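Here's a quick look at one model, from a single side chain out to helix packing and the cores. Have the structure open as you read.

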Amino acid sequence: MKKVLTIGRYFRKKFGEDVYKVPLSIQGFTCPNIDGTVAKGGCTFCLNESFSPNLAKPSKKFYLNPASSENPLLEKQLEQVRIQYGATSKRLAGKYGVKKFLAYFQSFTNTYAPIETLKALYEEALRQPGCIGLSIGTRSDSVTDEILDYLAELSERYEIWIEYGIQSIYDETLEAINRGHDSANVKEWIERSKAKGLNVCGHVIFGLPGENETMMLDTVRESIRWGIDSIKIHPLYVVKNTALAVDYLKGKFTPIDEETYIRLLVESIKMLPPTISVQRVTAGIEDDSLLAPEWCRNKHRQMKHIREALKKAGYIY
C-alpha cells in the first residue's frame, strides 16, 4: 500500500510535527471578475454580492483593488487577522495539541489590493503566536512580479504558499464559468511563481459545465506539468443564489455523480508524482443553500467512500 502525500504528511516530514492552516476572511477584499475589472458577476458557481440580492452591497461599503489610493479598513482588517487567528489557533491547539500554524488568507482574492495593505496584513499574521508561514488564495490575473518578489523574500524565513484557482485548462470552460482569464494566464503565473522559489498549490474542479472525463484528467495532467507542488480537487456543487443555480433549475446543468467523481479522483492521485502533496480531495456543504448534488451534503460520508476507493487502488489517504 502507498501512502498519499497529504499536506499533513508533508508538514510532519518537513517540520517534525503537525502544522494546521488557520483560515482568515478579511473584510474589504473582492475579485476582479466581481467588481467589473475583467468580468461582472463573478464565477457562475460563486455566491457573491453582485448576483444575490440578499447580499447586496451597501452604498458606503468599501472594497479594495490594486489601484486603491487609501485603505480606511486597514486597522479593522489587522484586528480581524488577530481575532480570527487567535480564536481558531487556540481551538486547534486545544483539540489537537498543535503548536505550529499557517495563516491561510482564504476568502476572495487575497492579492487583489495595494502591496502596502498586503504587507501589513501578511506581516501581522506572521507576528501571531505559532505562525510559521502563510498560504494565500488568489487568482492568476491578480498577482504581480512585485508581489511575488515580496513573497519570495518572506519565503527565506517562513513557509510561504500561493494558491491559484486553475479550475480547468480548457478556455471554453473558463469562458462558460465566467472566469475572466484564460488558461495561458494561469500557466504563466504558476511558472513565474515557481521560478521565484515559491510553493504553489493548484485548485482543480471536476464536473464543470461541458467537460467530459478526459478533459478533467487533462487538467490534472497539465497542472502537474506546470510545476505545482500541491493540489486541491473537489466536485462542482450548486448553491442557491448563483448563476449556476439558474442553469441547474432550468435543466441546463447536471452535476457530476459521486461514482464518477471518485473514479476520476483515484485516477488523478495515481498520476501525481511522489513530490506533489494533496490538500483536498472533496468538498461540500451541509446547509440549506446546497441545491445539488445531494451526495455533496455529507463530507464524512464522501471521505469514507473516497478512502475505500483509494484503498482498493492500493493507496492509504
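Let's start with Gln80, which sits in helix 2 (residues 74-96); helices here are DSSP runs of H or I with at least four residues, numbered from the N terminus. This is a predicted model, where local features need pLDDT of at least 70, side-chain atom pairs count only at pLDDT 80 or more, and totals for chains, interfaces and linings use all residues. Residues are numbered from 1 along each chain as its sequence is written, and side-chain values use heavy atoms, with hydrogens and water left out.

Gln80 counts as buried because its relative accessibility is 18% (buried means under 20% relative accessible area, with a 1.4 Å probe and protein chains only). Leaving aside neighbours within four places in sequence, Gln80 touches Ser25, Ile26, Gln27 and Tyr85, where contact means heavy atoms within 4.5 Å.

Now for a helix pair. The axes of helix 3 and helix 4, lines fitted to C-alpha atoms over the stretch in contact, come within 11 Å and cross at roughly 20°. That makes the two helices roughly parallel (angles under 35 degrees). Here's who makes the contact:

| Helix | Contact residues |
|---|---|
| Helix 3 (residues 115-126) | Ile115, Leu118, Lys119, Tyr122, Glu123, Leu126 |
| Helix 4 (residues 145-154) | Glu146, Ile147, Tyr150, Leu151, Leu154 |

On to the cores, meaning sets of buried Ala, Val, Leu, Ile, Met, Phe, Trp, Tyr and Cys residues joined through side-chain atoms within 4.5 Å. The largest nonpolar core has 69 residues, and Phe105, Leu134, Leu151 and Phe206 have the most contacts inside it. A second, separate core of eleven residues includes Phe45, Ile177, Leu236 and Leu244.

Note on methods
Axes fitted to C-alpha atoms, helices over the stretch in contact; angles between N-to-C directions. Parallel < 35°, antiparallel > 145°, perpendicular 65-115°, else oblique. Buried < 20%, exposed > 50% of the residue type's maximum accessible area, 1.4 Å probe, protein only.
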